[in-house]
Amino acid sequence: MRLHDLKPDKGSRRRRRRVGRGIAAGRGKTAGRGHKGQGARSGGGKGPYFEGGQLPLVRRLPFKRGFTNIFGIVFQEVNVDLLEARFDDGAVVDGAALAAAGLVRDADEPIKVLGRGELAKKLDVHANKFTKSAAAKIEAAGGSAHAHALKVTGARATVKRLRKVDLQRLYGEADPA
């Protein structure tokens, strides 16, 4: 096969419609523009969001950039150095203790422990997630890091379930992605 043998797939390329070429062409005389009026003139018509002079919806809305994942899980973050400052040696640190110390807003929301700072106290820390460095620092100080599975409810649970179980049931054993 050589370059001159290459051809596009059949039906993938169509000839452009040539309007205004007589009645036999099927798009003669007014060329599909109708009679008179704004749409018949060259350069006529308004933009895709013109609303008859009313301020368009696009301009009424505030600027929004990017996108927010409505199923995203937002973790409350706590650093190791704050645990060092707020808790005594041998303390049990869980959601309730963190909320009482003012390090998180809500004890029931997901908590993630981050590894900034140093830790010298032996703490028993319970959270939903730990960074590798945070878990290493807690265990190096003689404490323990307990990661608890996140309880997913509502729409998030439905989406998670659809991804793993129902999609396989609907589309068979083969991976749908």
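Me: What stands opposite V78 in β3?
Reply: V113 of β3 stands opposite V78. This is a predicted model, in which local features need pLDDT of at least 70 and side-chain atom pairs count only at pLDDT 80 or more, while totals for chains, interfaces and linings use all residues. Numbering runs from 1 along each chain as its sequence is written, and side-chain values use heavy atoms, with hydrogens and water left out.

Me: And what stands opposite Q76?
Reply: I111 in β3 stands opposite Q76.

Me: How many bridges join β1 to β3?
Reply: Four bridges join β1 to β3 (residues 111–114), and these strands run parallel. A strand here is a DSSP run of E with at least two residues, a helix a run of H or I with at least four, both numbered from the N terminus. Two strands count as paired if DSSP finds at least two bridges between them.

Me: What is the strand order in that sheet?
Reply: The order is β1-β3-β5, in an open sheet of three strands with parallel pairing. β1 (76–79) and β5 (129–130) are the edge strands, and each pairs on one side only.

Me: How many bridges between β3 and β5?
Reply: Two bridges, in the parallel sense. K112 has K129 as its bridge partner in β5.

Me: OK, the sheet with β2. What order?
Reply: Three strands in the order β2-β4-β6 make up an open sheet, and the pairing is parallel. β2 (92–93) and β6 (144–147) each have a single partner strand, so one side of each has no neighbour in the sheet.

Me: What joins β2 to β4?
Reply: Two bridges do, with β2 and β4 (residues 124–127) running parallel. D124 in β4 is the bridge partner of V92.

Me: Zooming out, how many helices and strands in the protein chain?
Reply: Five helices and six strands. Along the sequence the pattern reads α-β-α-β-α-β-β-β-α-β-α.

Me: What percentage of its residues count as buried?
Reply: 18% of the 177 residues in the protein chain count as buried. Buried means under 20% relative accessible area, exposed means over 50%, and partly exposed is in between (1.4 Å probe, protein chains only).

Me: Where is K29 found, and is it buried or exposed?
Reply: K29 is in the segment before α1. K29 counts as exposed because its relative accessibility is 70%.

Me: What about phi of A31?
Reply: A31 has phi near 60 degrees, again a positive value in a residue other than glycine. A31 also lies in the segment before α1. At 21% relative accessibility, A31 counts as partly exposed.

Me: Which residues make the nonpolar surface patch?
Reply: M1, L3 and L6 make a nonpolar surface patch of about 440 Å². Patch residues have over 30% relative accessible area and no salt bridge, with like charges joined within 9 Å and nonpolar side chains (Val, Leu, Ile, Met, Phe, Trp, Tyr) within 5 Å. A salt bridge is a side-chain nitrogen of Lys or Arg within 4 Å of a carboxyl oxygen of Asp or Glu. The areas are Shrake-Rupley values with a 1.4 Å probe, and for residues only the protein chains shown count as cover.

Me: Where is L6 found?
Reply: In the segment before α1. L6 is exposed, at a relative accessible area of 52%.
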